[in-house]
Amino acid sequence: MDALRVEDVSLSIRESGILDGVSFSLEKGSFSAMCGHNGAGKSQLLRIIKGLARPSSGRILLDGRECSAKERMRRVGLVFQDAQMQMVAQSVEKDIAFGPENLGLDRDEVSRRVGMALALMGLEAHAKRRPQTLSGGELRKTAIAGVLAMEPDVILMDEPFANLDYPSTLTVIRSLLELHEKGFTILVVSHEAEKFLSHTDRLIVMSHGRVVVDGRACDEYHRLVENDIYIPPAASFEDLTWLA
Amino acid sequence: MTIFHYRPADTLLSRMNPNAKLVALLVYCAVVSSADAPLELVMSALPALLAWLVHLPLRAYLRQSVFFILMALCLALSSWVEEGGMIEMAASGAGFLSMVLSSMLLADSTMPDDLARSLAGALSHVMGKAAYGVASLVEVTLAMIPAIVDSAGGLYEARRARGASFIRHPLSSMSSYAAGVLGDLLDKAGSYADALYSRGYDNAAVRHRPRYRTSDVLVIAFSLLAGIMFFMFPVVAD
Ligand SMILES: Nc1ncnc2c1ncn2[C@@H]1O[C@H](COP(=O)(O)OP(=O)(O)OP(=O)(O)O)[C@@H](O)[C@H]1O
Ligand SMILES: [Mg+2]
C-alpha cells in the first residue's frame with residue numbers, strides 16, 4: 001500500500017505554470033529522494049502535499065484514500081528549508097511541544113511525545129535552551145523533532161542540508177537513517193544528491209514543473225547529470241553519501 | 001546580558017509559578033509606594049535580599065541601570081526639597097529602586113511565554129477561551145521577534161557593505177532600508193504563518209500552563225493578606 005500518492009497535480013500562479021501534471025507515489029516505510037534544479041517546483045509541490053496550498057488540479061491520497069487539506073495538515077509532516085523561521089517558542093522543549101498541544105493532547109501524552117522526539121534526535125541536553133542560541137545543525141534537528149512529535153504518517157523535508165557544515169550534515173543524515181529504520185515514510189527534497197542519495201531507495205527528478213525521472217535510485221542516479229544535478233564524475237551509487 | 005530579560009537558571013524564583021510572582025510584585029509595589037518613610041525604607045531591602053539570594057548579576061546590569069539610578073536620585077532630591085527629612089529622602093529613592101529591582105527579578109526568572117500562559121489560565125475564568133487566544137498570540141509573536149531583529153540587522157549591514165551611507169544620504173538610505181525591512185518582514189510573516197499552520201496552530205487550543213505548587217499558593221495568599229491588612233488597617237503602617 002502506498003503511504004502517499006500524488007495524482008496529476010498541476011499548479012499555475014497568475015497564468016504561469018509552476019507544476020504540470022505531477023504524479024508519483026511513496027511506498028510505506030520508504031526513503032525517497034526528490035531532486036531538481038532551482039525553481040523546478042519542489043517547494044511548491046511540498047506545500048501542496050502538506051495542505052498549505054491548493055493545486056489547480058489533481059488529487060493527493062494517503063493510504064489509498066483521498067484526503068482533505070485539513071487531514072493532510074495533521075497526517076503529513078513538513079520540515080521547511082529555513083529552520084529558524086519554524087521556531088515558535090522560547091525553549092527547544094516547548095517548541096517541540098507546540099504541535100502536540102495544538103492536536104489537543106493531554107499533558108502526559110504531550111510530554112511523552114516531547115521525550116520521544118528529543119531522544120530520537122539526540123537533543124536531550126539542549127531541551128531547556130533557547131532556539132536562538134542553537135547551531136544550524138541543532139536548529140535543524142529541533143525543527144525535525146517538532147514535526148516528529150506530531151507523529152505524522154509521512155515526513156517531507158525541504159532542503160534539510162541547506163546551510164549546514166560537514167559535521168551537521170552528517171548528524172542530519174544519521175537522524176534520517178534512524179527515522180527510516182523506525183519505519184517512517186520519508187521524502188527528502190534536495191539538489192545535493194551527492195550527500196545522501198546512496199541511502200535512499202527511490203529517486204524522483206523534477207524539471208520545470210514535471211517529473212522527468214522516477215525509479216529505483218540505484219538504477220536512475222546517472223540520469224541526474226543530464227537534469228542539471230551535480231554528482232561527482234565517475235561516482236558509483238555507493239559513493240553518493242557523505243557518511244564514511 | 002540584557003536587563004529585564006529571562007536568564008535560564010535553577011533558582012527558587014525561577015521555579016515559582018509566574019502568577020504567584022506577579023501577585024507578589026503587584027502587592028509589593030502597591031504597599032511600598034503608599035507606605036510611610038520608615039516602613040518604605042525597611043521594605044526596600046527585601047528585593048535586594050532576594051537579588052542577592054538568586055545571584056542576580058547586578059554588576060553586569062549596572063550600565064543599563066544608569067537611567068533608573070538617575071531617576072531615583074531625582075525623586076530623592078525632590079522629596080528632600082518638599083519634606084526636608086533625610087529619612088524621607090532616602091526612602092523615596094530606595095523605594096523607587098526597589099520597585100525597579102523587583103520587576104527585574106520577575107523578568108529575570110520568568111520566561112515571557114510562561115507568564116502569558118499562566119496569566120491566560122487565570123484570566124480564562126473571567127474571559128473564557130479568548131484569554132488563551134491572546135496568550136498564544138503573545139507567545140508566537142515573542143518567538144518571532146529575534147528573527148526579525150536579526151534580519152533587520154543583517155539588512156542594515158548588507159547595505160553598509162555595499163556602500164550605502166546613512167550619514168550622507170539619510171533620507172533616501174533610511175527609506176530604502178525601511179522598505180527592505182518591511183518587505184522582508186512580510187516575507188517572513190508568510191513563511192512563519194506556513195510554519196505555524198503546518199504544526200496545527202490553533203489559537204483557541206487550551207495550552208498547558210505552569211502548575212501551582214503549595215509554595216506558590218502560600219505566596220499568593222500571604223501577598224493578598226498582607227495587602228489587605230495594609231490598606232484596610234492603616235494603623236499597621238503607623
Ligand atoms: N508566489 C509565487 N508567485 C509566482 N511564482 C512563484 C511563487 N512562488 C514560487 N513561484 C515560482 O514557482 C517556481 C517553483 O518554485 P519553488 O520554490 O517550488 O522551486 P524549488 O524547486 O523549490 O526551487 P529551489 O531549489 O530554489 O528551492 C519558481 O519558478 C518560482 O519563481
Ligand atoms: Mg525550494
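**Close-up views of a predicted model**

**View 1. A backbone N or O atom of A:Gln44 lies 2.9 Å from an oxygen atom of ligand 1.** This is a predicted model, in which local features need pLDDT of at least 70 and side-chain atom pairs count only at pLDDT 80 or more, whereas totals for chains, interfaces and linings use all residues. Residues are numbered from 1 along each chain as its sequence is written, chains are lettered from A and ligands numbered from 1 in the order in which they are written, and side-chain values use heavy atoms, with hydrogens and water left out. A polar backbone atom of A:Gly41 is 2.9 Å from an oxygen atom of ligand 1, and for A:Ala40 the corresponding distance is 3.1 Å. Of the 640 Å² of accessible area (Shrake-Rupley method, 1.4 Å probe) that ligand 1 has on its own, the protein covers 61%.

**View 2. The shell around ligand 1 is formed by residues of chain A.** The residues with a heavy atom within 4 Å of the ligand are A:Ile13, A:Ile18, A:His37, A:Asn38, A:Gly39, A:Ala40, A:Gly41, A:Lys42, A:Ser43, A:Gln44 and A:Glu159. By class, three of the shell residues are nonpolar, six are polar and two are charged; Gly counts as polar in this scheme. Helix H1 (residues 42-50) of chain A gives the most to this shell, with three residues. Helices (H or I, at least four residues) and strands (E, at least two) are DSSP runs.

**View 3. Six strands of chain A form an open sheet with mixed pairing.** The strand order is S6-S7-S8-S3-S9-S10, where pairing requires at least two DSSP bridges. Strand S6 (76-79) and strand S10 (210-216) are the edge strands, each pairing on one side only. Neighbouring strands of this sheet are turned by 15 degrees against each other on average, direction ignored.

**View 4. Helix H5 (residues 136-148) of chain A lies across S6 and S7 of chain A.** The helix runs at about 170 degrees to S6(A); axes are fitted to C-alpha atoms, and angles run from 0 to 180 degrees between N-to-C directions. S6(A) and strand S7 (residues 154-158) of chain A run parallel and are joined by four bridges. Within this pair, A:Val79 stands opposite A:Met157 in S7(A).

**View 5. S9(A) and S10(A) form a hairpin with two residues between the strands.** Strand S9 (residues 202-207) of chain A pairs with S10(A) in the antiparallel sense over six bridges. A:Val205 stands opposite A:Val213 in S10(A). In this hairpin, A:His208 takes a positive phi near 45 degrees.

**View 6. A four-stranded open sheet of chain A has antiparallel pairing.** The order of the strands is S2-S1-S4-S5. Its edge strands, each of which pairs on one side only, are strand S2 (16-27) and strand S5 (65-66) of chain A. Strand S1 (residues 2-13) of chain A and strand S4 (residues 57-62) of chain A are antiparallel partners over five bridges; A:Arg59 in S4(A) is the bridge partner of A:Glu7.

**View 7. S1(A) and S2(A) run antiparallel and are joined by eight bridges.** The bridge partner of A:Leu11 is A:Leu19 in S2(A). The hairpin of these strands has two residues between them, and A:Arg14 takes a positive phi near 45 degrees.

Technical notes. A polar contact is a pair of N or O atoms within 3.5 Å; within protein, one must be able to donate a hydrogen and the other to accept it, and residues adjacent in sequence count only if both atoms are side-chain atoms. Contact means heavy atoms within 4.5 Å.
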